[in-house]
Amino acid sequence: MPVHEIKYRAVEGELSPGPFRILSVTKFTLLAVMNKWVATTLMAGSGQLLVYGTIFLIMGNPLVRQALQVTQVIDLPIPVILRNFILIQLFICIIMANIAGPRMISPELAHRALPVIYSRPIGRLGYVAGKFLALQVLVGAVSWVQVFLLFLVMWSVLPPEHLFHTTLWTQSIPLMARAMLIAVLASLVVSLFGLACSAATKNFRYAVVIFIAVMFGASFVSRVAQEVISSNMPDIGLFQVFMTLTDQLVHRVRGVVDRPVTGALLSLGVWCAASLGYLLWRLRPVDVYGE
Amino acid sequence: MFIELDNLTVKYGKRLVLDNMTAQLDGRSIGLLGPNGAGKSTLIKTLLGYLTPVSGTARVMGFDVVKDRMKIRQVIGYMPEHESYIKGLSAVRFLRYMGELSGLSPRAAMERAHEVLYFVGIHELRYRPVETYSLGNQQRVKLAQALVHGPKVLILDEPTNSLDPEGRDEMLHLVRDIGQISGSHVVMCSHILNDVEFCCDAVTVINRGRVVLTGIIKELKKEDLRTYDVRIEGDRERFLGAVASLGWECSQDERGGIRVKLPEGQETSSIFRIAAEIGVQLRHFHFKKDSLEDIFVSVLRESEGKIADARS
């Protein structure tokens with residue numbers, strides 16, 4: 001029978017509301033990105049740090065040390081553990097955003113899929129939100145999820161007489177909350193920035209280059225401005241900003257790097273606003289035809 | 001009517017693209033015709049809610065293109081002119097994605113994806129990534145994604161682009177049958193007049209941002225029983241001279257055809273008589289029936305003339 005003689009029926013049943021459509025964007029973006037071995041490997045690899053952290057904490061437990069006959073272990077204070085953990089995870093978070101982010105929108109621009117996506121009842125904001133959630137699944141897994149897991153590991157592994165438990169409500173939880181805040185901010189900023197880079201070009205390789213160039217460029221400009229104009233100028237390089245936040249909020253090293261938290265938060269706000277603004281401007285329905 | 005345009009004006013920056021466009025599109029399938037830059041694509045983008053009108057209104061199935069964008073997108077299926085797919089996704093996954101975005105449940109979207117891919121004839125390729133398909137099959141995937149949620153209005157922008165003759169024929173049959181059996185309204189935008197004539201009942205011609213003609217194709221192509229297309233063997237100049245000397249309107253085209261318009265009161269046999277008198281043979285004799293191309297060309301000429309008059 002010729003294909004055009006096959007009849008097709010009308011659609012029946014209820015249509016799903018808006019939020020579920022956003023989740024569809026997330027789901028299918030992840031399906032497309034997770035095909036890439038790099039993203040999959042990195043995501044799997046990022047868990048390794050937690051494993052190391054767990055081993056480290058177990059080794060910090062006197063009972064475990066005794067059982068394993070380990071005699072010399074340096075018992076690091078929690079802020080130091082957290083600081084190092086956050087900074088290493090932040091580095092992985094940026095790498096993850098740089099690998100996965102550019103692959104989220106560029107391929108759809110390259111093959112002009114956006115006109116058909118926008119012809120569905122999902123707005124530009126819904127589309128961006130779906131993409132953001134998809135990147136959050138990857139970047140969040142190596143940032144705030146890891147911090148949360150670290151908290152759970154500490155809570156369950158460290159002995160009851162440990163300072164972590166004795167000062168749980170007064171020090172440990174506020175400290176972990178601040179660490180979590182930094183991790184959430186990090187994942188938010190790098191996700192938006194990764195998506196903005198992806199929207200900037202049809203070739204995701206160029207987006208990767210743009211991501212690196214802008215990050216290093218911002219650090220360079222920031223350093224030059226501090227050298228030339230004033231040493232009190234706030235950092236705009238992402239890594240310096242997070243170093244400042246971590247030192248001031250978690251490690252509490254005042255005086256060593258005496259930069260105000262407000263300047264760092266302002267810088268993050270600028271990164272977020274610029275990335276989101278560019279994303280929404282670049283993905284205007286009338287501009288996605290690539291004509 | 002499923003599309004109503006009321007003094008619709010759309011600009012790109014300062015450039016006026018749709019100029020007080022007013023029309024009511026009705027019928028099961030409509031061909032949207034016009035020269036390059038006439039405003040066809042802009043009209044489609046406006047109907048989809050991608051562009052906001054400067055003034056005037058447009059409604060699709062009773063929904064306003066500005067206030068009810070999301071409602072319009074629930075009832076519309078759009079097949080763009082250019083390639084449109086997500087690299088790495090198979091056809092069935094791509095269609096499922098589009099179905100879910102339209103509001104179908106994952107299960108219903110999966111069912112529809114298989115069903116529609118079967119309908120367009122690429123069910124055997126459905127698990128292969130779309131980028132590995134031939135251009136013809138990519139066109140079918142585009143058609144399938146426009147159909148997956150069972151739209152009430154289907155907008156097809158150049159559906160036969162980059163298809164070989166066989167693929168083109170199959171695509172045209174699909175489009176025609178969608179209009180006839182699915183209950184959807186079809187708006188087909190094409191430069192190929194034969195394609196529009198094959199698939200559509202009605203036609204709307206746009207020129208310089210204005211609707212210059214809209215109507216049922218059959219009615220527009222009504223036969224003119226006073227005008228005849230004639231082909232002769234013999235002295236052409238003499239025949240033309242004889243007809244002109246009687247005061248009848250006549251013209252000839254570059255392919256050797258002669259068109260004669262009989263004045264009121266004259267019988268068809270008059271043409272035979274003249275031919276016999278001057279000794280030429282009539283090889284073809286038929287009353288005039290405009291092709292869609294004739295209508296299109298004459299409407300555009302008329303529209304350009306009006307614009308030139310208005311300017312002068």
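The following legends describe close-up views of a predicted two-chain model.

Residues are numbered from 1 along each chain as its sequence is written, and chains are lettered from A, with ligands numbered from 1, in the order in which they are written. Because the model is predicted, local features need pLDDT of at least 70 and side-chain atom pairs count only at pLDDT 80 or more, whereas totals for chains, interfaces and linings use all residues.

**View 1. Confidence of the model.** The model scores ipTM 0.83 and pTM 0.83.

**View 2. The side of chain B that touches chain A.** Chain B gives 45 residues to the contact and chain A gives 31; two residues are in contact if their C-beta atoms, placed from the backbone, lie within 7 Å. Elements of chain B that each give two or more residues are α2 (69-75), β6 (76-79), α3 (91-102), α4 (106-120) and α6 (165-181). Helices (H or I, at least four residues) and strands (E, at least two) are DSSP runs, numbered from the N terminus. The largest share, seven residues, comes from α4(B). By class, this side has 21 nonpolar, 14 polar and ten charged residues, where Ala, Val, Leu, Ile, Met, Phe, Trp, Tyr, Cys and Pro count as nonpolar, Asp, Glu, Lys and Arg as charged, and the others, Gly among them, as polar.

**View 3. The largest nonpolar core.** A nonpolar core is a set of buried Ala, Val, Leu, Ile, Met, Phe, Trp, Tyr and Cys residues joined through C-beta atoms within 7 Å; a residue is buried if 20 or more other C-beta atoms lie within 10 Å of its own, exposed if 12 or fewer, and partly exposed in between. Of the 151 residues in the largest core, C93(A), I182(A), V189(A), F94(B), L95(B) and M188(B) touch the most other members. Helix α10 (residues 168-200) of chain A gives the most to this core, with 17 residues. Beyond its neighbours within four places in sequence, M188(B) is in contact with residues including L32(B), L156(B) and V175(B).

**View 4. Helix α12 of chain A.** Chain A has 13 helices and zero strands. Twelve of the 14 residues of α12(A) are buried, so this helix is largely enclosed by the rest of the structure. Its buried residues, among them F242(A), D247(A) and H251(A), pack against α4 (78-100), α10, α11 (204-228) and α13 (261-282) of chain A. Just after α12(A), R252(A) takes a positive phi of about 60°.
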